[in-house]
Amino acid sequence: MKSSLIRDEQLRLRALEQYEILDTPADSALDDISRLAAQICNTPAAAIGVLDTNRVWFKSHPNWETPELARNAFPGDETLQDANVYEIPDLSRNKRFGANGIALGETTYRFYAGAPLTTPDGARIGLLCVLDTVARTLNEQQVEALEVLARQIVTRLELSTRMRSMDRASRTRQRVETALTVERNFVSAVLDTVGALVAVLDTAGRVVRFNRACEVISGYQVSDLIGQHLWEKLIPEEDIEDSIATFESIARGNFPATFENFWQTRDGGLRHIAWSATALLDEQNEVAFIIATGIDVTLQREAEATLRESEARYRQLIEGSLGMVFTHAEDGTLISLNRYGAESLGYSIDEMVGKPLADFVPEDEVDAVEAYLDTVCATGEAQGELRLCQRNDEIRVLAYRNRLIEVEGRPPYVLGFGVDVTEKMRAEERLRALRRQSDSILASVGDGILGIDLAGTITVVNPAGAQILGYKPQDLLGRNLHETIHHTRTDGSPEPAEGSKIQEAVHLSEPVRVSDEIFWRKDGTHVPVDYVATPLLDEGEAVGVVVAFTDTTARRELDRMKDEFVSTVSHELRTPLTSLRAALGMVASGVLQSRPEKGQQMLDIAVGNTDRLINLVNDILELERIGSGKAELHQSNVSVDELCHRAADLQQTSAAKAGIGFRFQGEGIFAWADSDRILQMLTNLISNAIKFSPAGSEIFLAARYDGDGEVCVAVHDQGRGIPADKLELIFERFQQVDASDSRAKGGTGLGLAICKSIVQQHGGEIWVESELGRGSTFYFTLPSRPSSNLR
């Protein structure tokens with residue numbers, strides 16, 4: 001029931017919309033009917049209202065100003081329930097409206113009577129009502145009059161609606177006629193201005209319409225062709241049969257249709273035309289006219305033919321390429337690929353096209369593919385190297401340079417070209433390995449090596465060679481060798497480039513060895529060298545020279561030291577041996593048998609010189625052991641103070657004979673050292689101090705922590721002192737302050753050299769501070785903990 005009411009309400013509202021009266025201005029004719037109803041029914045007020053969705057809107061309300069009321073505030077719904085007049089004699093007694101009735105403006109109404117406005121279709125769209133301020137009823141004549149007036153209102157509304165429809169139809173017809181006129185003019189203008197060819201034919205194939213574009217292409221005027229068959233003048237003779245067959249097929253109903261043919265122009269030329277044709281049907285659905293629109297594609301077809309030829313050459317070029325030529329979408333999906341590219345990875349083209357590029361790279365390279373796609377899509381191009389997997393899982397390296405191609409009407413794609421550089425990279429890696437090996441060899445060689453070209457320009461230099469000459473390697477490259485290091489002889493005379501031994505190696509094509517030469521250093525000094533100049537040959541032709549040279553400074557110094565050492569040792573050995581031979585000779589001759597005390601003196605001389613020889617040999621052997629690294633250190637945490645006391649105790653007898661005392665300072669000082677070696681060194685230093693200190697003096701031994709991780713030990717005497725020019729010299733072998741000290745004081749001249757070697761073994765330093773006549777202080781440092789200050 002409820003759904004039925006809803007349907008009726010929807011029909012009623014649609015009927016109301018057809019009359020187009022809601023919210024329209026007042027109608028004086030309807031106001032007259034309202035007043036007539038009030039007069040007939042003898043009521044102070046009357047109104048004409050229609051019921052909208054949620055309101056009662058009054059089309060005529062001459063007795064109050066309120067244009068509308070809510071539907072629930074007015075008995076409109078009850079009025080529309082029945083076709084007859086609906087009355088409420090006393091609104092104050094109606095539960096819906098209460099004691100006040102209906103208030104409209106400043107007036108309260110207690111009586112209501114309303115007749116429904118019923119359309120010819122039976123829809124009740126509104127009401128004609130009368131209201132009174134007192135309770136009452138209508139008589140039969142008043143009720144009948146109210147119903148008649150309600151019908152007159154509907155008739156008025158119908159008339160107004162029909163008049164509006166007629167007026168609207170008239171205006172529409174005028175607009176259509178105007179539009180058709182404009183349309184005809186527009187079509188004519190369009191047909192003559194469009195670039196396309198437009199031809200209209202009747203069912204016999206005769207020309208009915210021929211636009212301006214057709215005239216321009218064909219060279220004919222429309223007057224030349226109207227009423228004639230199209231193929232009589234425009235179609236080449238050999239194409240007429242096909243042209244007629246195409247036309248007849250369209251006329252039989254096979255449309256729309258597309259086809260191409262040639263037009264023969266008035267001047268005898270041929271134009272290639274692409275057509276699209278359809279038919280206009282009459283009222284009987286029969287073909288009345290055939291309309292064809294065409295485009296002159298002569299140039300396009302020629303360009304297409306040229307393009308096909310170019311594409312064929314391009315494809316042949318791509319297929320014959322020894323590189324990988326491919327295209328892929330922005331997401332990396334392969335679109336096309338040449339045969340060489342696919343076969344180089346062990347696949348066919350079909351096996352690769354349509355798959356993402358990431359499927360053909362190692363798993364650890366997938367992120368690199370994503371980065372490449374981001375780059376090429378963002379910047380429009382990308383280049384680099386990509387590792388691809390062959391079918392057999394071997395890795396190939398592709399050097400690529402790709403570009404994003406954007407063509408209107410097509411999705412963007414990437415055109416790529418890549419070259420397999422795997423073997424090239426392997427060869428380069430082997431070359432780099434050889435170069436690294438060569439560089440390592442050059443860097444590890446202690447001798448200098450220079451490479452020059454035929455112009456004498458330095459092209460290669462190893463670090464040792466640059467260091468010998470006082471340069472950095474990069475400073476020598478590109479310089480002329482002769483002008484840089486070989487320009488002057490030792491005596492200051494110029495060394496000519498022509499005829500030099502280095503140039504001689506080029507001319508002879510064989511190595512040339514040179515000794516006792518000099519090369520000039522960056523600081524202007526020269527260095528003695530021996531060198532070998534070896535020509536670089538390429539297929540028997542010299543292309544440069546390699547000069548390998550040795551700094552002979554150290555060798556010459558070693559030779560000098562060797563000569564000096566031999567001389568010194570010979571002297572040191574000969575002196576005691578001569579005394580020993582003389583003393584033993586006198587004893588052996590028997591001349592001292594009568595003088596036993598003299599014989600004992602000779603024997604004491606022999607024993608003393610023997611001890612001296614033993615000490616000399618022991619010191620020489622000790623230096624050799626330390627210098628060769630055979631004397632290993634056994635380091636531990638030792639008390640320096642204890643070692644000083646032990647060393648003093650060992651020399652106590654000698655000190656007592658000389659009348660010399662000891663004083664110590666520095667308790668609780670520890671060093672990381674070999675206790676035996678340090679004891680040996682302290683003993684040597686104390687022995688020297690005793691030899692050169694006057695009676696009644698004292699030797700002062702002190703130790704302290706000096707800086708981070710070091711212990712400094714000092715041995716101070718009050719002897720005669722050491723000249724300033726001897727302070728460094730006394731630590732060399734066979735060196736003493738005074739040559740007579742060897743005879744007067746004894747000793748080999750090797751003690752301080754041994755001390756220096758022991759200190760250096762520990763990573764420390766030794767030096768002396770002295771003032772003539774006031775004594776000397778020997779200092780040396782030792783590490784206070786492991787791996788500290790070791791060199």
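**Salt bridges, a buried loop residue and a helix crossing**

Asp 32 is partly exposed, with a relative accessible area of 47%. In this predicted model, the side chain of Asp 32 forms a salt bridge with that of Arg 35, with an N to O distance of 3.4 Å. Arg 35 is likewise partly exposed, at 48% relative accessibility. Both residues belong to helix α2, which spans residues 28-40, and they lie 3 residues apart, or about one turn of the helix. An α-helix has 3.6 residues a turn, so residues three or four places apart point the same way. Side chains of opposite charge can pair when their charged atoms come close.

The N to O distance between the side chains of Glu 9 and Arg 12 is 2.9 Å. The two partners fall into separate accessibility classes: Glu 9 is partly exposed, with a relative accessible area of 24%, whereas Arg 12 counts as buried at 7%, the limit for burial being under 20%.

In helix α13 (residues 422-444), Glu 423 and Arg 426 are again 3 residues apart, about one helical turn. These residues form a salt bridge in which the closest N and O atoms are 3.1 Å apart. Arg 426 is partly exposed, with a relative accessible area of 34%, and Glu 423 is partly exposed as well, at 41%. The pair belongs to one network, in which salt bridges that share partners join Glu 394, Arg 396, Asp 420, Glu 423 and Arg 426. For the model, the count of salt bridges comes to 37.

Thr 43 is located in the loop between α2 and β1, a strand formed by residues 45-51. With a relative accessible area of 9%, Thr 43 is buried. When neighbours within four places in sequence are left aside, the residues in contact with Thr 43 are Ala 38, Phe 111, Val 130, Leu 131, Asp 132 and Arg 136.

Two packed helices are described by the angle between their axes and the distance between the axes. For helix α22 (residues 675-692) and helix α24 (residues 751-761), the axes come within 10 Å and cross at roughly 150 degrees. This crossing of α22 and α24 is left-handed. On the α22 side, the contact is made by Arg 677, Ile 678, Gln 680, Met 681, Asn 684, Leu 685 and Asn 688, and on the α24 side by Gly 751, Leu 752, Ile 754, Cys 755, Ile 758 and Val 759. By class, the residues of this contact comprise 8 nonpolar, 4 polar and 1 charged.

Helix α24 is largely enclosed by the rest of the structure, because 8 of its 11 residues are buried. The buried residues of α24 are Gly 751, Leu 752, Ala 753, Ile 754, Cys 755, Ser 757, Ile 758 and Val 759. Among them, Gly 751, Leu 752, Ile 754, Cys 755, Ile 758 and Val 759 also take part in the contact with α22. Just after α24, Gly 763 adopts a positive phi of about 85 degrees.

Definitions and conventions. Residues are numbered from 1 along each chain as its sequence is written. This is a predicted model: local features need pLDDT of at least 70, side-chain atom pairs count only at pLDDT 80 or more; totals for chains, interfaces and linings use all residues. Side-chain values use heavy atoms; hydrogens and water are left out. A salt bridge is a side-chain nitrogen of Lys or Arg within 4 Å of a carboxyl oxygen of Asp or Glu. Buried means under 20% relative accessible area, exposed over 50%, partly exposed in between (1.4 Å probe, protein chains only). Helices (H or I, at least four residues) and strands (E, at least two) are DSSP runs, numbered from the N terminus. Contact means heavy atoms within 4.5 Å. Axes are lines fitted to C-alpha atoms, for helices over the stretch in contact, and angles run from 0 to 180 degrees between N-to-C directions. A crossing is left-handed if the near helix is turned anticlockwise from the far one by less than a right angle, and right-handed if clockwise. Ala, Val, Leu, Ile, Met, Phe, Trp, Tyr, Cys and Pro count as nonpolar, Asp, Glu, Lys and Arg as charged, and the others, Gly among them, as polar.
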